[in-house]
Amino acid sequence: MCGIIGIIGKGPVNQSVYDGLLVLQHRGQDAAGILTCDDERVHLRKDNGYVRDVFQERHMLGLTGNMGIGHVRYPTAGCDSPAEAQPFYVNSPFGLALTHNGNLTNSEQLKNELFRDDLRHINTDSDSEILLNVFAHELQAVAKLRLAPDHIFRTVSSVHRRCRGAYAVTMLVTSFGILAFRDPYGIRPLVFGKRDTDQGTEYMFASESVALDVLGFDLVRDVAPGECIVVDLNGQVHSQQCAEKPIHAPCIFEFVYLARPDSVMDGIYVHKTRLRMGERLASKIKREWPDVDIDVVIPIPDTSRTAALQMAYKLDLPYREGFIKNRYIGRTFIMPGQAARKKSVRQKLNAIDVEFRRKNVLLVDDSIVRGTTSNQIIQMAREAGARKVYFASAAPPVRFPNVYGIDMPSRRELIGHGRTEDEIATAIGADRLIYQDLEDLIEAAREGNPKIQSFDCSCFNGEYITGDVDQAYLDRIENERNDFAKNSRRVNGLNDIELVTAEVLTFPR
């Protein structure tokens with residue numbers, strides 16, 4: 001899960017890209033980067049850290065130009081290297097820069113092909129660099145001295161044929177324009193917007209519509225699965241379907257947890273989806289827990305608030321805010337390593353004991369991944385005086401890794417893998433536990449856009465929409481993603497020689 005932005009304007013875009021990344025900070029807190037183009041020169045600043053920390057005044061002054069792309073990173077393999085931060089840039093052909101949200105499932109095969117057949121060197125472990133080099137090689141095969149949109153569309157078609165997995169992409173081509181495309185399944189979100197100014201119309205691509213909103217852009221539509229949209233320097237918009245058989249199957253976990261509630265993606269309002277999730281889970285509680293005595297419904301901030309509020313309404317129970325959140329601590333789901341997650345929960349949340357004392361409380365969370373956070377929060381509720389602590393998850397049990405760009409860990413680190421719901425309840429310390437049914441979750445999302453016939457629900461049901469994920473692949477990513485492997489890379493990475501400086505890098509075309 002990452003956040004990406006691309007803007008082509010009539011004046012400097014550095015501030016707009018920066019402001020957009022701030023709004024998308026929830027999608028990645030590990031690293032940030034901006035690349036702009038001023039005539040025939042590109043200017044790049046990227047580093048580890050939050051947006052507000054990576055970009056100082058001196059960096060912003062160096063990011064000149066009327067078009068730019070930006071990225072906030074959330075690593076799926078736990079890498080701490082600034083060299084892995086995006087955007088990535090190659091100077092041939094034309095000068096290309098890329099930001100990517102997602103994960104390629106055939107990255108190892110592509111890396112070998114690039115070295116053996118395309119004679120291209122990959123300098124990092126990032127599949128985004130692989131994706132950029134595949135694009136560059138395919139563009140070189142079709143491009144002429146004068147680049148045209150058709151060359152881009154033919155290149156994206158070749159990318160679709162070679163690359164597997166999830167990819168939402170914004171790209172910048174020097175002296176030409178910006179473009180955006182999605183994989184043929186549309187797994188990761190990407191929206192397209194415009195705004196009219198006195199100087200003319202400006203265009204923007206972003207992971208979520210909320211980034212358009214705060215910058216005054218109107219949402220035009222989503223980039224369709226398999227589609228590529230090109231905006232050239234003259235402000236002309238060109239689009240074409242580049243996949244042979246696109247299937248719209250967005251990741252359902254975007255609506256559970258990843259996206260901001262004020263976003264609209266794939267024609268679905270995230271806020272309304274979460275309301276419907278709360279309604280359906282409340283109905284299940286009425287059916288299956290008619291004997292359970294609940295005094296109060298309390299959400300675990302922030303993502304679960306919408307569902308919890310609707311649950312309380314449907315159950316005719318009081319809704320209370322029982323936890324105060326320190327907003328200067330990052331999302332624990334994104335925290336690298338189990339030790340950091342355990343420490344951050346206590347730093348992030350504090351219980352209001354008067355809301356728990358001598359009460360049977362129903363805690364509501366958006367999902368349960370490792371169970372570490374849930375266990376500590378239940379302990380906090382008991383320490384605050386709760387008699388009984390029931391737990392509701394607005395999503396089904398997470399039993400399988402996500403391979404499309406979300407850092408859901410190895411199977412043995414998922415508390416839902418290989419356990420029954422009663423065993424999970426015991427493991428997290430709840431008196432009773434209830435999960436959303438997968439069918440209800442799907443319907444809650446589909447009701448927002450009935451045209452979508454399927455969603456990627458692989459982390460819940462183990463059915464991978466791209467059809468190319470086998471046990472050997474799952475075993476490999478399990479070895480890469482478990483906390484021990486991440487910590488080892490983090491320690492070893494301290495001695496790496498990084499090829500990124502702390503200042504803005506400027507590249508001639």
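Visitor: Is Cys242 buried or exposed?
Guide: This is a predicted model, in which local features need pLDDT of at least 70 and side-chain atom pairs count only at pLDDT 80 or more, while totals for chains, interfaces and linings use all residues. Residues are numbered from 1 along each chain as its sequence is written, and side-chain values use heavy atoms, with hydrogens and water left out. The term buried means under 20% relative accessible area, exposed means over 50%, and partly exposed lies in between, with a 1.4 Å probe and protein chains only. Because its relative accessibility is 6%, Cys242 counts as buried.

Visitor: How far is the nearest cysteine sulfur from Cys251?
Guide: Cys251 counts as buried, with 2% relative accessibility. A search of the whole structure finds zero disulfides. Cys251 is in no disulfide, and the nearest cysteine sulfur, in Cys459, lies at 6.3 Å.

Visitor: Which residues does Ala444 touch, leaving aside those up to four places away in sequence?
Guide: Ala444 has its place in helix 14, residues 438-446, where helices (H or I, at least four residues) and strands (E, at least two) are DSSP runs numbered from the N terminus. Ala444 is buried, since its relative accessible area is 0%. Contact means heavy atoms within 4.5 Å, and with that exclusion Ala444 touches Thr273, Arg276, Met277 and Arg280.

Visitor: How do the residues of the contact of helix 9 with helix 14 divide?
Guide: Helix 9, residues 270-288, packs with helix 14 at an angle of about 145 degrees, with the axes 8 Å apart; axes are lines fitted to C-alpha atoms, for helices over the stretch in contact, and angles run from 0 to 180 degrees between N-to-C directions. The contact is made by Thr273, Arg276, Met277 and Arg280 of helix 9 together with Asp440, Leu441, Glu443, Ala444 and Ala445 of helix 14. With Ala, Val, Leu, Ile, Met, Phe, Trp, Tyr, Cys and Pro counted as nonpolar, Asp, Glu, Lys and Arg as charged, and the others, Gly among them, as polar, the residues of this contact divide into four nonpolar, one polar and four charged.

Visitor: What is the orientation of helix 4 and helix 5 to each other?
Guide: Helix 4 (residues 107-116) and helix 5 (residues 127-142) pack at an angle of about 50 degrees, with their axes 10 Å apart, and Ser107, Leu110, Lys111 and Leu114 of helix 4 meet Asp127, Ile130, Asn133 and Val134 of helix 5. Angles under 35 degrees count as roughly parallel, over 145 as roughly antiparallel, 65 to 115 as roughly perpendicular and the rest as oblique. Helix 4 and helix 5 are therefore oblique.

Visitor: What separation do the C-alpha atoms of Leu44 and Gly62 have?
Guide: Leu44 has its place in strand 3, residues 41-48, and counts as buried at 5% relative accessibility. Leu44 and Gly62 are 18 residues apart along the chain, and their C-alpha atoms are separated by 8.5 Å.

Definitions and conventions
Disulfide = S-S within 2.5 Å.
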